[in-house]
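Visitor: I would like to learn how to read a model like this one. Could we start with a helix?

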Amino acid sequence: MTVSVVLAVTDEPPEELILYPSTSHIEACQFVVNDHTAQLCLRIVQWLEELASKALDLESKVRGSHVGTYLPNSGIWHHTQRFLKKGTCAANTVHHLDFDAPTREHAHQLPDDKKQDESLLEDVWTLLRAGRLEEACDLCRSAGQPWRSATICPFGGVDLFPSIEALVKNGKNRSLQAIELESGIGHQLRLWKWASYCASERIYEQNGGKYEIAVYAAQCSNLKRMLPICADWETACWAMAKSWLDIQVDLELARSQPGRMEQLKSYGDSIDGSPVGINGTSQPSSGPESWPLLVLNQQPRDLSALLQKLHSGEMVHEAVARGCKEQQRQIQMNLMLGNIPHLLELIWLWIAPAEDDQSISGPRDPQMIQFGAHIVLVLRYLLDDEMKDTFREKLMIVGDRILHLYSMFLFSKHHEELVGIYASQLARHRCVDLFVHMMELRLNSSVHVKYKIFLSAIGCLPFSQGDDLKGSFEEIIERLLSRSREMKVGKFDESSDVVEQHRLHSLQKALVVQWLCFTPPSTITDVKDVSAKLLLRALIHSNILFRELALISMWRVPAMPIGAHELLSLLAEPLKQLSETPDTFEDYVSENLKEFQDWNEYYSCDATYRNWLKIELENADVSPDELSAEEKQRAITAAKETLNLSLSLLLRKENPWLISLEERVNESVEPLFLELHATAMLRLPSGESMCPDATVCAALMSALYSSVTEEVVLERQLTVNISISSRDSYGIEVVLRCLAVEGDGIGSHILNDGGLLGAVMAAGFKGELSRFQAGVTLEISRLDAWFSSKDGSLEGPATYIVRGLCRRCCIPEVILRCMQVSVSIMESGNPPENHDQLIELASSLETGFIHLFSQQQLQEFLLFEREYSICKMEFQEELSP
């Protein structure tokens, strides 16, 4: 569907074409330029004529012929001429061949000639309808009817259409000026229009050809003789708009002549200089001096009345009335009226999805959705400085709905690269919500598809928030990252394996970081700075996820923590580029890069351990006698690799694992508090999830309080709140809060163990809550620590708490795994070389590892050492003679 809209312009007539004294055509052009209503009519006429002209060109291109292709003199009445030469006469046949004969003699030419004439006039009408007056005149002359050319284009062929284009086309043609110097401005024009009116009426009375009637009616605004052949909406609208424009020009010319309006009033009962004042009940005199009263009552009073006539006028063809109900016509009519709010409401009514149908790829008209989106963009661009508040509100609210729907339509058709063009025009919240929704839906799509969305967002939106009305790429990413850490509703059930479910969920969390790992196009502003910010944000969020994933991946099973390893692979390429230009982003990423490298080393140790465990479990299924030497050696090699990597991590002295060298130091005089917010699930020793209720929450809260002494609770103002998650019935929300003190929240944190809140939460993670069900552990989904004020408002992240909590949980587990591996090596008859070093490392006060162990972990450590010692003694006995 194509709807052309021609907007009004205000070009003044070129000074070099202004004649003195003036002419009726110059006066008409100046009136149209200065009168909004007349200018609107002019543009409607030009628009409809342009459409018709293009249709003729297309027909000519397709069919190879065009309107007006006639043999020379084909308009001469050859059949009638031969009939008269024979001396034959008939009562209803003309006796002469001049063009006035049919009217003068009240007779007709022979049917064949009449048919040829009607065919000629049909083409003349078609050309006039397309605004091709000059071609229509040429057609008449080539057909042998130059007199007809003179009747439709008088005054020496001057184009009298009241447009600047026609004025420029005529040039300094003084023929009209010469004529009007003698008779007065507009006198001959009135005479010609009156004569055209008389011709159209007389031909109608004599049952003449309908196209001949219409051709002359078009010259004098005689609508009642034009409309019967206007069988489509565009032609009928053109006829009304052209007639109304001509009448406005005629009335303006009458006003400019002294005494002319008084003369017109003497012919009618009332006139105030506009069509509104003519009641149409009296019949003025039939002379030319009464012009334009003869046709004034046929004209619409205003544009709304013109369109109403198209809907239900008595003279309008029924096909025109039906056409008014079509969507295309309703759009065009609303544009003509300038009723943009109603137009937008109408388009939304047509394209809005049903309440029970949220499928964007449903049966709605995609072309209408596309048109609606583009009309909104055009109107916002053109009318931005001219919109009134009520109009602006409608264009923004309804326009946003249409743009949002089209954006989702493009997305559903996999045109992600185009979405940003339209989404960037949405209100801030709609834009952000839309991109977040699309990115979540395409999270598991191919890299190519995701990169298209990335380019669409970063190329069409500002990177940072600068305008409160517009969305930004940073805001989209922040929302996306935050939502990705939330527990997914319905993800878990009572019988599911919590460990496996956490593994799968962690992968989805990790994939979100890929949006930050794409390379921005070089065409955006400050691309170097943007690249740095993307990498920094990727590192920050990856470290957040690494902490959370480490706390849920300490189970001694072969399955890898796929989320963590996905993060490492996603950031491999960006960090490789960083290493090639080490000075480029150093200020941005140094601290976060160090933590990322710490986690890289940790997960490498974790992977080697799980690889060893997998080999051990596979070998355990085979009888020892059937195991090959290669399989045994593979297990020993994996075990030694695990020990070596783990000891390398634990032995770092100058750069201890997960200890920040640039930790925030608070020297606040005002009371400062610490908060730890966690979303978690309760996991039974069997691996199943535990559905919490009010009783369970109360028991857990009491158990967490009991993990520290009563004196500590009072001194540090410790509070514990447990509630069932509103997002998932199997989730709980844990909020811990305490007073910051020197060494824990204020000043440097020397112990690097997460402080009080880290100790309380670690008891839950390790399943060592004394007043709770034995063996039940907290499985973390989201974990954040904050500094807060006395009134509870959050002031900034207390990252040291989460890092320390990870050290409190991960380091003992790494040591226990090393003990498990050492026992296995010892059992195989290959004493490890560094076992004693491991024992010293774990028990040394210098490293501080010993106070990270819980009571149960210390017991497990001792059991492993006992088992190791027994194996060692057995091995030594076997070696002794």
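Guide: Gladly. Keep in mind that this is a predicted model. Take helix α33, where A635, I636, A638, A639, T642, L643, S646, L647, L649 and L650 are buried.

Visitor: Why do the buried residues of α33 line one face of the helix?

Guide: General idea: an α-helix has 3.6 residues a turn, so residues three or four places apart point the same way. Now the case here. Looking down the axis of α33, the buried residues fall within an arc of 160°, so they line one face. A629 and E630, on the other side of α33, are exposed.

Visitor: What span does α33 reach from its first C-alpha to its last?

Guide: Helix α33 covers residues 629-650, 22 residues in total. The span is 32 Å, close to the 32 Å expected at 1.5 Å a residue.

Visitor: What does W515 touch, leaving out residues up to four places away in sequence?

Guide: Its partners are M439, R442, L443, K450, I453, F454, F473, I477 and L480. Look at R442 among them.

Visitor: Is R442 buried or exposed?

Guide: R442 counts as buried because its relative accessibility is 11%, and the cut-off is under 20%. R442 sits in the loop between α24 (428-441) and α25 (447-460).

Visitor: Which polar partners does the side chain of R442 have?

Guide: Two can be named. A polar atom of the R442 side chain lies 3.0 Å from the backbone oxygen of F411. Beyond four places in sequence, R442 touches F411, H414, E416, V449, K450, I453 and W515.

Visitor: Now cysteines. How many disulfides does the count come to?

Guide: A disulfide is a covalent bond between the sulfur atoms of two cysteines. Here the count is zero. C153 is in no disulfide, and its nearest cysteine sulfur, that of C137, is 4.1 Å away. The cut-off is 2.5 Å. C153 counts as buried, at 10% relative accessibility. C460 is in no disulfide either; its nearest cysteine sulfur, that of C431, is 9.4 Å away. C460 counts as partly exposed, at 31% relative accessibility.

Visitor: How far apart are I375 and L344, in sequence and in space?

Guide: Read both separations together. I375 and L344 are 31 residues apart in sequence and 8.9 Å apart in space, C-alpha to C-alpha. I375 belongs to helix α21 (residues 366-382). At 9% relative accessibility, I375 counts as buried. Not counting residues up to four places away in sequence, I375 touches L335, L343 and I347.

Visitor: And the whole protein: how many helices and strands does it have?

Guide: The protein has 39 helices and eight strands. Of its 881 residues, 51% count as buried. Among contacts with a separation of 6 or more, 71% come from residues 24 or more positions apart.

Notes. Residues numbered from 1 in each chain as written. Predicted model: local features only at pLDDT ≥ 70, side-chain atom pairs only at ≥ 80, totals over all residues. Heavy atoms only, no water. Helix = DSSP H or I, 4+ residues; strand = E, 2+ residues; numbered from the N terminus. Buried < 20%, exposed > 50% of the residue type's maximum accessible area, 1.4 Å probe, protein only. Polar contact = N/O pair within 3.5 Å; in protein donor to acceptor, adjacent residues only side chain to side chain. Contact = heavy atoms within 4.5 Å. Expected span 1.5 Å × (residues − 1). Arc of directions from axis to C-beta.
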